[in-house]
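Let us walk through this structure step by step. We will go from the overall layout to the core, the pocket and a few single residues.

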Amino acid sequence: MRKGEMTRAAILDVALGLASRDGLEGLTIGLLADRMNMSKSGVFAHFGSREDLQIEVLRLYHGRFEQEVFFPSIKEARGLPRLEAMFNRWLQRVSVEIASGCIYISGAVEYDDRPGPIRDALVAMVRAWQDALVRGAQQAIDCGDLKEGTDAQQLVYEMYGLVLAVHHDARFLRIPGAVDRAHRGFARLIEDYRNPNAKRSQPEASALQ
């Protein structure tokens, strides 16, 4: 990358760390300039406005989420192996974010009733992930891994509830063992929906370590 591109990438990396800790609304040009040892005008030269910066931070977070969770998961076979990989990798990322914070979850609190481009971008990204989960669940139904008649959207709703519970209990309440409870909850959830005549898949070991 050219020097300007490298500087912009470095600014975004620091900005993502600040936004994870303080929320997108806590991200200011002044704070970022101090952390980068730059002038405010220098930071503005790369983004133009605080809102542009916040949206770029969202895009960076979403891109990393896709690289760590979505793209590796879709390499698994369609059906339950892929759906399990999606959940396990998602939970693995959330377990790391207990210390730093999740932009999707904190952003939902910050922008749930605040219309504008940032909310629109955040909603689009979260919906893209939910849609991917619904597709994964529907594929598991279609290939016979899960019972015929299973409601894919209901299943994803319950999966989402497990992840939100982890974030709440582990990050807010500091309750130990939340991630393990989510794994057990997901296993029980899948057993409820599993087609008893389907071949059982093995859990993804790396995601459970």
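Predicted model: local features only at pLDDT ≥ 70, side-chain atom pairs only at ≥ 80, totals over all residues.

Start with a convention for residue classes: Ala, Val, Leu, Ile, Met, Phe, Trp, Tyr, Cys and Pro count as nonpolar, Asp, Glu, Lys and Arg as charged, and the others, Gly among them, as polar.

Take the overall layout. The protein chain has ten helices and zero strands. Read from the N terminus, its elements run α-α-α-α-α-α-α-α-α-α. The C-alpha trace spans about 65 × 35 × 35 Å along its principal axes. Of the 209 residues in the chain, 44% are buried. Now look at the contacts between residues at least 6 apart in sequence: 69% of them join residues at least 24 apart.

Next comes the core. The largest nonpolar core holds 61 residues. Within this core, Leu53, Val57, Trp90 and Trp129 have the most contacts. Helix 7, residues 117–142, gives the largest share of the core, with eleven residues.

Apart from neighbours within four places in sequence, Leu53 contacts Leu12, Ala15, Leu27, Ile29, Leu32 and Phe47. Two of these names, Ile29 and Leu32, come back in the next element.

That element is helix 2, residues 29–36. Which of its residues are buried? They are Ile29, Leu32, Ala33 and Met36. Viewed down the helix axis, these buried residues fall within an arc of 100°, so they line one face of helix 2. What covers them includes helix 1 (3–22), helix 3 (40–47) and helix 4 (50–73).

Now step off the end of helix 2. Asn37 comes just after it, in the loop between helix 2 and helix 3. What is the phi of Asn37? The value is near 55°, which is positive in a residue other than glycine. Most residues other than glycine have a negative phi. Asn37 counts as exposed, because its relative accessibility is 74% and the cut-off for exposed is over 50%.

Arg174 makes a second case. Its phi is positive too, at about 60°, although Arg174 is not a glycine. This residue lies in the loop between helix 8 and helix 9 (178–193). Arg174 is exposed, with a relative accessible area of 58%.

Turn to the pocket. Rolling a probe the size of a water molecule over the atoms shows where empty space is left. The largest pocket has a volume of about 370 Å³. Its lining has 23 residues. Nearest the pocket centre lie Tyr104, Ile105, Ala108, Val126 and Tyr160. Where does the lining come from? Helix 4, helix 5 (80–97), helix 6 (103–111), helix 7 and helix 8 (152–172) each supply at least two residues. The largest share, seven residues, comes from helix 7. Here the residue classes come in: the lining has 16 nonpolar, two polar and five charged residues.

Ile105 sits in helix 6. Buried or exposed? Ile105 is buried, with a relative accessible area of 19%, because the cut-off for buried is under 20%. Beyond four places in sequence, Ile105 touches Leu164 and His167. Ile105 and Val126 are 21 residues apart in sequence, and their C-alpha atoms are 9.5 Å apart in space.

Helix 8 also holds Val166. Val166 is buried, at 1% relative accessible area. For a sense of distance, take Ala45, which is 121 residues from Val166 along the chain. Their C-alpha atoms are separated by 39 Å.

Finish in the loop between helix 4 and helix 5, where Arg78 is found. Arg78 counts as exposed, at 58% relative accessibility. Which residues does Arg78 touch, not counting those up to four places away in sequence? They are Gln139, Cys143 and Asp145. Gly144 is 66 residues from Arg78 along the chain, with 11 Å between their C-alpha atoms.

Methods: Residues numbered from 1 in each chain as written. Heavy atoms only, no water. Buried < 20%, exposed > 50% of the residue type's maximum accessible area, 1.4 Å probe, protein only. Helix = DSSP H or I, 4+ residues; strand = E, 2+ residues; numbered from the N terminus. Arc of directions from axis to C-beta. Contact = heavy atoms within 4.5 Å. Core = buried A, V, L, I, M, F, W, Y, C linked by side-chain atoms within 4.5 Å. 1 Å grid on protein atoms, 1.4 Å probe; cavity = no way out; pocket = protein on both sides within 12 Å on 5 of 7 lines; lining within 4 Å. Points joined across faces, edges and corners; volume = space filled by probe spheres on them.
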